[in-house]
Amino acid sequence: DVKVTQSSRYLVKRTGEKVFLECVQDMDHENMFWYRQDPGLGLRLIYFSYDVKMKEKGDIPEGYSVSREKKERFSLILESASTNQTSMYLCASTGRMDTEAFFGQGTRLTVV
Amino acid sequence: QKEVEQDPGPLSVPEGAIVSLNCTYSNSAFQYFMWYRQYSRKGPELLMYTYSSGNKEDGRFTAQVDKSSKYISLFIRDSQPSDSATYLCAMSSIQGAQKLVFGQGTRLTINP
């Protein structure tokens, strides 16, 4: 059974903190993605990675960075958390040419 | 105008009813179409995947794509309370998920 695991279900952080969201997949997928999901706005792509150490910006990369040191792990970093980054964050993975994305359970981040 | 439009609902129907969920889109290049189901406080899970036009059936679920009208539908027969969730359509013009575009999601409740 395919599995994408996000390290935290719920996080509360203070404004200005550096925040790390971790995602691990066990499907040997080449591609990994970070989305945020907000009411009325749907899912928006922040960054994706198509190989180890490779990354590309999505639609809303400002205020975020990513790291992929190992194939199975993709980290999202909020350099200095702000209240407008309060959201549900979803990690996903796919095989190299697959279109069907498999999602993790989500991390609900609140920045206070 | 958004590339993908989906009525956010909420939609509430009695158990056993046939449910019709729909998305319209503006990009005629879309050819990969998906439906995801997302339970409360969980990540989306892939429900149906269709390439190009036509119908696809899986148990009580049927996905339809009408590329001439730029319209996709998901039908749920004999709806159950366990079908209560948010349903998201997603589509892409290319193979691979890096250009996947999501609808807002429709929140569906099936009443016993």
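**View 1. No salt bridges are counted between chain B and chain A.** A salt bridge here is a side-chain nitrogen of Lys or Arg within 4 Å of a carboxyl oxygen of Asp or Glu. The model is predicted: local features need pLDDT of at least 70 and side-chain atom pairs count only at pLDDT 80 or more, while totals for chains, interfaces and linings use all residues. Residues are numbered from 1 along each chain as its sequence is written, chains are lettered from A and ligands numbered from 1 in the order in which they are written, and side-chain values use heavy atoms, with hydrogens and water left out. Across the interface of chain B and chain A, six residue pairs, both at pLDDT 80 or more, are in polar contact. A polar contact is a pair of N or O atoms within 3.5 Å; within protein, one must be able to donate a hydrogen and the other to accept it, and residues adjacent in sequence count only if both atoms are side-chain atoms.

**View 2. The side of chain B that touches chain A draws on β4 (32-38), β5 (45-51) and β9 (85-92) of chain B, each with at least two residues.** Strands are DSSP runs (E, at least two residues), numbered from the N terminus. The largest share, four residues, comes from β4(B). By class, this side has 11 nonpolar, eight polar and three charged residues. Ala, Val, Leu, Ile, Met, Phe, Trp, Tyr, Cys and Pro count as nonpolar, Asp, Glu, Lys and Arg as charged, and the others, Gly among them, as polar.

**View 3. About 1700 Å² is buried between chain B and chain A.** Carbon and sulfur atoms give 60% of this area. In chain B, R41(B), Q98(B) and F102(B) lose the most area to chain A, together 27% of what that side buries. Buried area is the accessible area (1.4 Å probe) that two parts lose on being put together, summed over both. In contacts (heavy atoms within 4.5 Å), 22 residues of chain B meet 22 residues of chain A.

**View 4. An open sheet of chain B has five strands in the order β1-β3-β8-β7-β6, with antiparallel pairing.** Two strands pair if DSSP finds at least two bridges between them. The edge strands, each pairing on one side only, are β1 (4-5) and β6 (54-58) of chain B. β6(B) is joined by five bridges to the antiparallel strand β7 (residues 61-66) of chain B. K56(B) stands opposite A63(B) in β7(B). The hairpin of β6(B) and β7(B) has two residues between the strands, and G59(B) in the turn has a positive phi of about 65 degrees.

**View 5. C23(A) and C91(A) form a disulfide with sulfur atoms 1.9 Å apart.** The link is left-handed, with -75 degrees about the S-S bond. C23(A) lies in β3 (residues 19-25) and C91(A) in β9 (residues 87-94) of chain A, so the pair ties together parts that are 68 residues apart in sequence. Over all chains there are two disulfides, each a pair of cysteine sulfur atoms within 2.5 Å.

**View 6. E30(A) and K71(A) meet through their side chains in a salt bridge (3.8 Å, N to O).** E30(A) lies in the loop between β3 and β4 (31-38) of chain A and K71(A) in the loop between β7 (64-70) and β8 (73-78) of chain A, so the pair ties together parts that are 41 residues apart in sequence. D28(A) is also in the loop between β3 and β4 of chain A; D28(A) has a positive phi of about 60 degrees although it is not a glycine.
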